[in-house]
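This briefing goes through one protein model by topic, from a loop to the cores and the surface.

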Amino acid sequence: MRKLLFIIALSLSLHSEIFSKSGSTLGVSNMFAQSNVSLGVKVGSASVGTESYTIAGLNMNYFIVDDLSVGLGYEKWFSGDPDISKITLESSYYIPVDKKVRPYLGVLYRRIMIGSSDRLNRSFDDVDSYGYRVGVAFVQKNMLLSAGVVQEKYDSTDGLFDETETYAELMIGFMF
């Protein structure tokens, strides 16, 4: 009944070489090098049942070794009822198959905090979810464009989310 109809999140990511210790292995930017940090801003929209939300968030990823990042993110869903906030722990591996094309695989764990709904006199329990992401990143000098799919499974739907959700993710990144 309360189905997440659509999420498309556009992330703007800035990669920093300030702490980088290693050079590029493919002759392109060092975006995926060990010790690099990426900071991201997320904007998007979603619908749950009859409620429409605007999404805003921040995330940070750190490359623990070349091509493998771990990250932490926070997002807030505005303009709908009930209030929703999400904290995400994630890891992604970018497969170095080509100078300009990097398929990626990732896993995520998310804690979803759901506020009580004063307007509708309902309350929901907080929910944990876990999932994976797959996609491809295209690198052009100091710019990255990636597109992929995320699938999430919720440990308790409590009538708000479906058991499993699948949605698209898009990212534009710049290295400085």
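Pro 82 sits in the loop between strand 4 and strand 5. The peptide bond leading from Asp 81 into Pro 82 is cis, with omega near 15°. The model is a predicted one, and its protein chain has nine strands and zero helices.

**Backbone exceptions**

- Most peptide bonds are trans, and most residues other than glycine have a negative phi.
- The bond from Asp 81 to Pro 82 is cis, and the hairpin of strand 4 and strand 5 also holds Ser 79, with a positive phi near 70°.
- That hairpin has five residues between its strands.
- Ser 35, a residue other than glycine, has a positive phi near 80°.
- Ser 35 belongs to the loop between strand 1 (4-16) and strand 2.
- Is Ser 35 buried or exposed? Ser 35 counts as buried because its relative accessible area is 3%, under the 20% limit.
- Asp 67 is another non-glycine residue with a positive phi, near 75°, and its place is the loop between strand 3 and strand 4.
- With a relative accessible area of 8%, Asp 67 is buried.

**Chain-level figures**

- Along the sequence the protein chain reads β-β-β-β-β-β-β-β-β.
- The protein chain has 176 residues, of which 43% count as buried.
- Among the contacts in the protein chain with a separation of 6 or more, 55% are between residues 24 or more positions apart.

**Strand pairing and hairpins**

- Strand 2 and strand 3 run antiparallel and are joined by twelve bridges.
- Within this pair, Ser 45 has Thr 54 of strand 3 as its bridge partner.
- The hairpin of strand 2 and strand 3 leaves two residues between the strands, and Gly 49 in its turn has a positive phi of about 60°.
- Strand 3 pairs with strand 4 in the antiparallel sense, over eleven bridges.
- Phe 63 has Ser 69 of strand 4 as its bridge partner, and Ala 56 stands opposite Lys 76 in strand 4.
- Two residues lie between strand 3 and strand 4 in their hairpin, which includes Asp 67.
- Strand 4 and strand 5 are also antiparallel, with ten bridges joining them.
- Gly 71 faces Glu 90 in strand 5 across this pairing.

**The two faces of strand 4**

- Side chains in a regular strand alternate between the two faces of the sheet.
- Which residues make up the covered face of strand 4? They are Ser 69, Gly 71, Gly 73, Glu 75 and Trp 77.
- The uncovered face of strand 4 consists of Leu 68, Val 70, Leu 72, Tyr 74, Lys 76 and Phe 78.
- Trp 77, from the covered face, is a member of the largest nonpolar core.
- Leu 72 and Tyr 74, from the uncovered face, belong to a nonpolar patch on the surface.

**Nonpolar cores**

- The largest nonpolar core has eleven residues, including Ala 46, Val 48, Tyr 53, Ile 55, Trp 77 and Ile 84.
- Strand 2 (37-48), strand 3 (51-65) and strand 6 (101-114) each contribute at least two residues to this core.
- Another core, of ten residues, lies apart from it and includes Met 31, Phe 63, Tyr 94 and Ala 137.
- Val 127, Ile 112, Ile 114 and Tyr 154 are also among the members of the largest core.
- Leaving aside residues up to four places away in sequence, Val 127 touches Arg 110, Arg 111, Ile 112, Ile 114, Tyr 154, Asp 155 and Ser 156.

**Nonpolar surface patch**

- The patch on the surface is formed by Leu 72, Tyr 74, Ile 87, Leu 89, Tyr 109 and Tyr 130, which together have about 580 Å² of accessible area.
- Strand 4 (68-78) and strand 5 (84-94) each supply at least two residues of the patch.
- Tyr 130 lies in strand 7 (residues 127-140).

Key. Residues are numbered from 1 along each chain as its sequence is written. Side-chain values use heavy atoms; hydrogens and water are left out. Patches are made of residues with over 30% relative accessible area and no salt bridge: like charges are joined within 9 Å, nonpolar side chains (Val, Leu, Ile, Met, Phe, Trp, Tyr) within 5 Å. Accessible areas come from the Shrake-Rupley method with a 1.4 Å probe; for residues, only the protein chains shown count as cover. A salt bridge is a side-chain nitrogen of Lys or Arg within 4 Å of a carboxyl oxygen of Asp or Glu. Helices (H or I, at least four residues) and strands (E, at least two) are DSSP runs, numbered from the N terminus. A nonpolar core is a set of buried Ala, Val, Leu, Ile, Met, Phe, Trp, Tyr and Cys residues joined through side-chain atoms within 4.5 Å. Buried means under 20% relative accessible area, exposed over 50%, partly exposed in between (1.4 Å probe, protein chains only). Contact means heavy atoms within 4.5 Å. Two strands pair if DSSP finds at least two bridges between them.
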